[in-house]
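Okay, thanks everyone, let's get going.

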Amino acid sequence: TILQYTGSNNTIQLNSHKIASYLTWMSDGDSHSSSTFYNNVTAVLPGHFVTASAGKISSQSLISFSPEKWAFMNGLGEFSEEFRHIFGQSVLKKVKGRLVVSSHLSGGLDSSSVSSMIRYVAPQLQLNTLYADTNTELTDESRYATLVSQAISSNHLIVHPPLCGLE
């Protein structure tokens with residue numbers, strides 16, 4: 001294990017702050033951090049990779065952001081157009097040459113943007129959108145997913161996952 005690899009004393013202690021944060025997820029506003037439910041165990045952050053060698057563990061980002069690259073732009077309109085262009089090119093790279101694409105559509109901003117951009121860059125494509133209905137009122141965004149699927153004319157499928165992954 002990593003604990004043995006790093007020479008840790010192998011003592012597992014619960015991280016009460018992380019547990020409390022997790023149990024109040026709707027109100028805590030906690031951002032991504034490497035903390036886990038255990039004090040001496042950390043997680044790999046999104047967009048990072050971990051290297052372990054000679055008893056040392058290091059984390060590095062896979063990407064870097066250079067705001068000065070965009071300093072020439074004037075106003076929100078230029079930023080919006082550039083973002084739309086870059087986002088569209090990225091999506092097009094993933095769907096180019098395909099006849100059918102299925103996309104998760106939760107009704108949230110991220111999946112709605114991706115599904116809408118698929119339709120925009122490849123209007124001829126057969127687009128299936130999938131909504132996972134967990135039958136949980138607190139996180140139900142099916143109304144939004146349906147509105148987006150209608151707006152982009154996708155074949156919208158509602159999936160009902162089993163209560164137990166072993167079913």
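Let me start with a question: does N135 count as buried or exposed, and what is its relative accessibility? N135 counts as exposed, at 73% relative accessibility. For the cut-offs, buried is under 20% relative accessible area, exposed is over 50%, and partly exposed is in between, with a 1.4 Å probe and protein chains only.

Quick housekeeping. This is a predicted model, where local features need pLDDT of at least 70 and side-chain atom pairs count only at pLDDT 80 or more, while totals for chains, interfaces and linings use all residues. Residues are numbered from 1 along each chain as its sequence is written, and side-chain values use heavy atoms, with hydrogens and water left out.

Back to N135. N135 sits in the loop between β4 and α5, and its phi is near 55°, which is positive in a residue other than glycine. S153 is another one to look at: it isn't a glycine, yet phi is positive at about 55°. You'll find S153 in the loop between α5 and β5, and it is exposed, with a relative accessible area of 57%.

Now the overall layout. We have five helices and five strands in the chain; these are DSSP runs numbered from the N terminus, helices being H or I with at least four residues and strands being E with at least two. Reading from the N terminus, the order is α-α-β-β-α-β-α-β-α-β. Of the 167 residues, 19% count as buried. The accessible surface comes to about 12,600 Å², and 58% of that belongs to carbon and sulfur atoms; that's Shrake-Rupley with a 1.4 Å probe, and for residues only the protein chains shown count as cover. As for contacts, meaning heavy atoms within 4.5 Å, take those between residues at least 6 apart in sequence: 55% of them join residues at least 24 apart.

On to the sheet. Three strands make an open sheet, ordered β3-β4-β5, with parallel pairing; two strands pair if DSSP finds at least two bridges between them. β3 (100–104) and β5 (155–159) are at the edges with a single partner strand each, so one side of each has no neighbour in the sheet. From one strand to the next, the twist averages 25°. Axes here are lines fitted to C-alpha atoms, for helices over the stretch in contact, and angles run from 0 to 180 degrees between N-to-C directions.

Five bridges join β3 to β4, residues 126–132, and S103 has T129 in β4 as its bridge partner. Between β4 and β5 there are five bridges, with A132 standing opposite V159 in β5.

What about the helices? α4, residues 109–121, lies across β3 and β4 and runs at about 165° to β3. Then β4, α5 (residues 142–151) and β5 make a right-handed β-α-β unit. Right-handed means that, with the strands pointing away from the viewer, the path from the first strand over the helix to the second runs clockwise.

Last stop, H156, in strand β5. What does H156 touch, leaving out residues up to four places away in sequence? The list is L105, T129, Y131, A145, T146 and S149. With T129, the H156 side chain makes a side-chain polar contact at 2.8 Å. A polar contact is a pair of N or O atoms within 3.5 Å; within protein, one must be able to donate a hydrogen and the other to accept it, and residues adjacent in sequence count only if both atoms are side-chain atoms. And H156 and H104 are 52 residues apart in sequence but 9.8 Å apart in space, C-alpha to C-alpha.
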